[in-house]
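Have a look at it first, and then we can walk through a few of its details together.

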Amino acid sequence: MEKSYDKLLENNKKWVAEQLAMDPNFFNNLADTQNPAYLWIGCSDSRVPANQITGTKPGDVFVHRNIANMVVHSDMNMLSVLSYAVEVLQVKHIIVCGHYGCGGVLAAMHNKQLGLIDNWLRHLKDVYRINYKELDAIDKIEDRGRRFVELNVIEQVFHLGKTSIVQNAWKRNQNLHLHGWAYDVKDGLIKDLGVNFKNTDDLHSVYHLD
Ligand code: CO
């Protein structure tokens with residue numbers, strides 16, 4: 001009996017054949033090195049695949065994903081990805097991409113215990129608390145959730161700017177821009193939240209690292 005995951009391996013062989021038909025050097029060109037211009041920090045949600053929704057190819061985007069696209073300053077996984085992307089790959093843009101209807105974000109709006117994940121969702125509750133005046137004033141729960149998604153992305157972009165990794169890159173005059181986006185699973189469109197910034201002037205001085 002064919003197992004559903006066998007299909008994935010078949011798809012892989014088909015994909016390889018298609019790439020080679022278009023460009024016989026496709027894999028040769030990628031084998032030795034990568035030179036992506038973008039670091040993507042997105043949600044683990046299966047509906048938000050970085051490459052597909054941005055029309056990019058293997059080699060174009062360095063990717064880190066976790067539940068609710070968080071930048072947690074004690075997360076060694078995120079910090080390692082960020083450090084490698086900025087210091088070694090020297091990406092030009094870091095994009096935090098949230099998505100409307102994010103289960104992690106919506107769960108953080110409620111009080112139900114979910115288990116271990118509550119510890120991760122706590123970071124989201126902190127974002128809610130920082131923005132509670134704006135969020136509590138939105139009557140419709142769906143609209144409140146959408147705005148919470150956006151405010152969370154904006155907060156995570158600021159968290160990136162607080163890291164020594166990003167601040168040291170700016171000090172070296174490395175060309176590095178931070179962006180916040182929200183993807184809509186309902187229509188596939190990405191909204192630029194307009195939080196792109198490129199130096200520490202945009203951060204409260206308490207976060208400046210000399
Ligand atoms: Co999500």
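Is C43 buried or exposed? With a relative accessible area of 6%, C43 is buried, where buried stands for under 20% relative accessible area, exposed for over 50% and partly exposed for in between (1.4 Å probe, protein chains only). Before going on, please note that this is a predicted model, in which local features need pLDDT of at least 70 and side-chain atom pairs count only at pLDDT 80 or more, while totals for chains, interfaces and linings use all residues. Residues are numbered from 1 along each chain as its sequence is written, and side-chain values use heavy atoms, with hydrogens and water left out.

**Cysteines**

C97 is buried too, at 0% relative accessibility. The closest cysteine sulfur to that of C97 belongs to C43, and at 9.6 Å it is too far for a bond. Searching the whole structure gives 0 disulfides, a disulfide being a pair of cysteine sulfur atoms within 2.5 Å.

**Accessibility at a glance**

| Residue | Relative accessibility | Class |
|---|---|---|
| C43 | 6% | buried |
| C97 | 0% | buried |
| Q167 | 2% | buried |
| L209 | 37% | partly exposed |

Q167 sits in helix 9 (residues 164–171); helices (H or I, at least four residues) and strands (E, at least two) are DSSP runs, numbered from the N terminus. Its side chain comes to 2.9 Å from the backbone oxygen of Y207. Beyond its neighbours within four places in sequence, Q167 has contacts (heavy atoms within 4.5 Å) that include T200, L203, H208 and L209.

L209 itself is found in the segment after strand 5 (190–192). Not counting residues up to four places away in sequence, L209 touches K162, T163, S164, Q167 and K171. S83 is 126 residues from L209 along the chain, and their C-alpha atoms are 16 Å apart.

**Helix 6 against helix 8**

How do helix 6 and helix 8 pack? Helix 6 (residues 117–130) meets helix 8 (residues 141–162) at an angle of about 105°, and their axes are 10 Å apart. Axes here are lines fitted to C-alpha atoms, for helices over the stretch in contact, with angles from 0 to 180 degrees between N-to-C directions. The two helices are therefore roughly perpendicular, a label for angles of 65 to 115 degrees, with under 35 roughly parallel, over 145 roughly antiparallel and the rest oblique.

On the helix 6 side, L124, V127, Y128 and I130 take part, facing R144, F148, L151, N152, E155 and Q156 of helix 8. These contact residues comprise 6 nonpolar, 2 polar and 2 charged, counting Ala, Val, Leu, Ile, Met, Phe, Trp, Tyr, Cys and Pro as nonpolar, Asp, Glu, Lys and Arg as charged, and the others, Gly among them, as polar.

Definitions and conventions. Polar contact = N/O pair within 3.5 Å; in protein donor to acceptor, adjacent residues only side chain to side chain.
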